[in-house]
Amino acid sequence: MSSLTELRYPTPAELVRSARSLAAHRPALCTLRQVGVSRAGRPLHLLSIGHAARAVLVVAGAHANEPSGGPALLAIAERVLLERELRADVSWHLLLCADPDGASLHVTPAPRSLYDYHRGFFRPAAPEQPEWAPATLPPGRLPPETRALTAVIDELRPYLQVTLHGTDLGGSWVQLTRDVPGLAEPFAKSAAQLHIPVETGASDAVGWPASGPGVHVMPAPGVRAAYPSMPDDARSSTWYHVHRYGGLTAVVEVPMWASDLVDDPAPHPAPDRAMRRLAARLLRDALEVELVLAQARPRLAGVDGPLLRAARWALELVPGLAADWTRTPPADGTMAYIGSVDAFGRRLPLRAAAMLLRVLREADDRGAQRLDQLVAAWSEAFAERFRARWVPLEHQVEHQSRTVFAAALHARDRSD
């Protein structure tokens, strides 16, 4: 992988300062206000541009380990301020960071490699993720970040919510809670111009209808999930909260490192055998992390926190997911889908190992050395297997912002 000297993801505090500067420069058009607080008391800020009743809500920072959303959101704000027609009959509302607590724990703003990225990795367990908490918790136990997000949706009643996500290694794709006719073409054109592969067989959207390559429409409630063991059903997330007002949500994913292996629609020669092999490797890798955790557990008495909870949660997903992969024939037999599953299977134990490594380092535990070896080896193997190439930050931002504007245009046509 090439040198990444140009890379710099802004912190949540830097995002707030930039948004405050924009609001101060154009006070007649912009307002910046606090719309809630996190569990740890960190403020959640909303930047609003324009005064039209018809609204678009853009959410960044729902997952701490997906940092491109913050700079993309600022790029969106700057373009809306520059181009009057974008705000002629639409107001734009930008939630700067949905999970500031998580952002404070993911500490790799300038990763030089996948190993560097994972050394500071954090992604909370699903019950602690603002968008996914409603899929795993009863209404009375939802975190304040979730309540703040749904309150903003209730206030704005947007015809479109866009939530900016990303993946460490792979391609770009879009998930829609309702179809947006016409979106697939500008999405594909943007990806091609910026040399970003389109993830045509994304495991996150396996079995979903597609309105075009990489543009997936979530199935209706009641349709059996392809991976029944996974607890975080998207149809129970905050993405569907906007439906009560006739709106829809678009989830825009963009990679930090790209791989053309997830953009190959050719049939896989032996998908069933490949899925069994990937399931076996997933179980084997997770077991290595479990063994380190089991050996360290007596020395971690009284230790708790979001890193340890998230590592345990990731490991708990593995047995059910491996069974899902082998219980029925693959829902998609393409090279792209098998590649996406391969990446997912590498990602889950690697993330658990990375977060547990941080816990053991903090505790000065001797198990940290073994985990560091695993994180380093698995990161290198991941990058090598997928021939990872860095996507320049400006391309990540440009692709996300282009897709947001295309979604806003075509969803507006749909809502007229």
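These are my notebook entries on a predicted model.

**Ground rules**

I number residues from 1 along each chain as its sequence is written. The model is predicted, so I take local features only at pLDDT of at least 70 and side-chain atom pairs only at pLDDT 80 or more, with totals for chains, interfaces and linings using all residues, and side-chain values use heavy atoms, without hydrogens and water.

**Entry 1: helix packing**

I began with helices that pack together. Two packed helices are described by the angle between their axes and the distance between the axes. My helices (H or I, at least four residues) and strands (E, at least two) are DSSP runs, numbered from the N terminus. Axes are lines fitted to C-alpha atoms, for helices over the stretch in contact, and angles run from 0 to 180 degrees between N-to-C directions.

I looked up H9 (residues 306-327) and H10 (residues 335-362). Their axes lie 8 Å apart, at an angle of about 155°. H9 and H10 are therefore roughly antiparallel. The cut-offs I used are under 35 degrees for roughly parallel, over 145 for roughly antiparallel, 65 to 115 for roughly perpendicular, and oblique for the rest.

I then checked the handedness. H9 passes H10 in a left-handed crossing. A crossing is left-handed if the near helix is turned anticlockwise from the far one by less than a right angle, and right-handed if clockwise.

H10 also packs with H11. The axes of H10 and H11 come within 9 Å and cross at roughly 150°. This pair is therefore roughly antiparallel. H10 passes H11 in a left-handed crossing.

What does H11 do with H8 (residues 271-296)? Their axes come within 10 Å and cross at roughly 160°. H8 and H11 are therefore roughly antiparallel to each other. I noted a left-handed crossing for H8 passing H11.

**Entry 2: empty space**

Next I looked for holes. Rolling a probe the size of a water molecule over the atoms shows where empty space is left. The search runs on a 1 Å grid over the protein atoms alone. A cavity is a set of points where a 1.4 Å probe fits but cannot get out. A pocket is an open set with protein on both sides within 12 Å along at least five of seven lines. Lining residues have an atom within 4 Å of a point. Grid points are joined across faces, edges and corners, and a volume is the space filled by probe spheres set on the points.

How many cavities of 30 Å³ or more does the structure hold? I found 1. The largest cavity has a volume of about 30 Å³. Arg224, Ala226, Pro228, Asp324, Arg327 and Thr328 line the largest cavity. By class, that lining has 2 nonpolar, 1 polar and 3 charged residues. Nonpolar covers Ala, Val, Leu, Ile, Met, Phe, Trp, Tyr, Cys and Pro; charged covers Asp, Glu, Lys and Arg; the others, Gly among them, are polar.

I moved on to the second largest pocket, with a volume of about 460 Å³. It is lined by 30 residues, and the closest to its centre are Pro10, Thr11, Pro12, Cys97 and Ala103. Helix H1 (12-25), strand E2 (43-49), helix H2 (69-82) and helix H3 (100-105) each supply at least two lining residues. H1 gives the most to this lining, with 4 residues. The classes are 18 nonpolar, 9 polar and 3 charged.

**Entry 3: single residues**

I looked up two residues with positive phi. Histidine 195 has a phi of about 60° although it is not a glycine. Histidine 195 is in the loop between helix H7 (184-193) and strand E7 (210-212). It counts as exposed, at 57% relative accessibility. Buried means under 20% relative accessible area, exposed over 50%, and partly exposed in between (1.4 Å probe, protein chains only).

Arginine 387 has a positive phi of about 50° and is not a glycine either. It lies in the loop between helix H11 (367-385) and strand E10 (389-390). Is arginine 387 buried or exposed? At 58% relative accessibility, arginine 387 counts as exposed.

**Entry 4: pairs of residues**

Phenylalanine 121 is in the loop between helix H4 (114-119) and helix H5 (133-136). At 0% relative accessibility, it counts as buried. Phenylalanine 121 and leucine 350 are 229 residues apart in sequence and 9.9 Å apart in space, C-alpha to C-alpha.

Valine 56 sits in strand E3 (residues 55-59). Valine 56 counts as buried, at 0% relative accessibility. From valine 56 to phenylalanine 405 I noted 349 residues in sequence and 10.0 Å in space, C-alpha to C-alpha.
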